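Have a look at it first.

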Amino acid sequence: MEVYQLAESFSDEIWFIVGDWDYFAKDTVGKQIVRSADSIGANIAEGYGRYHYKENRNFCYFSRGSIIETKGWLKKSRIRNLINEEQYNALFEKLQTIHLKLNAYLKFIGKSATTK
């Protein structure tokens with residue numbers, strides 16, 4: 001699934017960015033943004049593995065919550081000068097794409113559940 005692949009790529013990118021931060025930044029904002037970014041793809045995968053539309057949809061909602069949380073950590077990272085404006089814009093745009101594709105996937109599985 002494309003949305004899953006994008007989420008995994010995004011979380012890897014976050015991991016490598018945070019890896020360059022000093023200890024305090026890693027221990028505070030870094031751990032939080034890595035966890036929320038990793039959770040996006042993890043919840044998509046777990047929901048997909050459930051094979052039941054209702055459970056799949058619930059895990060996609062968890063994933064969507066993690067997207068919103070990650071957006072918040074990205075903003076904090078920018079305000080605290082942990083990432084520059086260019087990085088922020090590029091990462092935020094990637095998150096927006098993941099968000100839109102996840103919403104489309106949710107719509108698709110919603111329709112699939114009603115046709116079965």
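## Around Leu102

Skip the neighbours within four places in sequence, and leucine 102 is in contact (heavy atoms within 4.5 Å) with Val3, Ile44, Cys60, Ser63, Arg64 and Ile67. Bear in mind that this is a predicted model, where local features need pLDDT of at least 70, side-chain atom pairs count only at pLDDT 80 or more, and totals for chains, interfaces and linings use all residues. Residues are numbered from 1 along each chain as its sequence is written, and side-chain values use heavy atoms, with hydrogens and water left out.

## The core

Leu102 also turns up in the largest nonpolar core, which has 27 residues; Phe10, Ile14, Trp21, Leu74 and Leu102 are the ones touching the most other members. Each of α1 (2-18), α2 (23-50), α3 (53-79) and α4 (85-115) puts in at least two residues, with α4 giving the most, eight. A core here is a set of buried Ala, Val, Leu, Ile, Met, Phe, Trp, Tyr and Cys residues joined through side-chain atoms within 4.5 Å. Buried means under 20% relative accessible area, exposed over 50%, and partly exposed in between (1.4 Å probe, protein chains only).

## The overall fold

The chain has four helices and zero strands, running α-α-α-α from the N terminus. These are DSSP runs numbered from the N terminus: helices are H or I with at least four residues, strands E with at least two. The C-alpha atoms fill a box of roughly 50 × 25 × 20 Å along the principal axes. Of the 116 residues, 36% count as buried. Among contacts with a separation of 6 or more, 71% come from residues 24 or more positions apart.

## On the surface

Met1, Tyr4 and Tyr48 make up a nonpolar surface patch, with about 290 Å² of accessible area together (Shrake-Rupley, 1.4 Å probe; for residues, only the protein chains shown count as cover). Tyr48 sits in α2 and is partly exposed, at 47% relative accessible area.

Asn81 is in the loop between α3 and α4. Although not a glycine, Asn81 has a positive phi of about 60°.

## Confidence

Mean pLDDT (the predictor's confidence in each residue, from 0 to 100) is 94, and 96% of residues reach 70 or more. Confidence is lowest in α4, with a mean of 90, and highest in α1, at 98.

Key: Patches are made of residues with over 30% relative accessible area and no salt bridge: like charges are joined within 9 Å, nonpolar side chains (Val, Leu, Ile, Met, Phe, Trp, Tyr) within 5 Å. A salt bridge is a side-chain nitrogen of Lys or Arg within 4 Å of a carboxyl oxygen of Asp or Glu.
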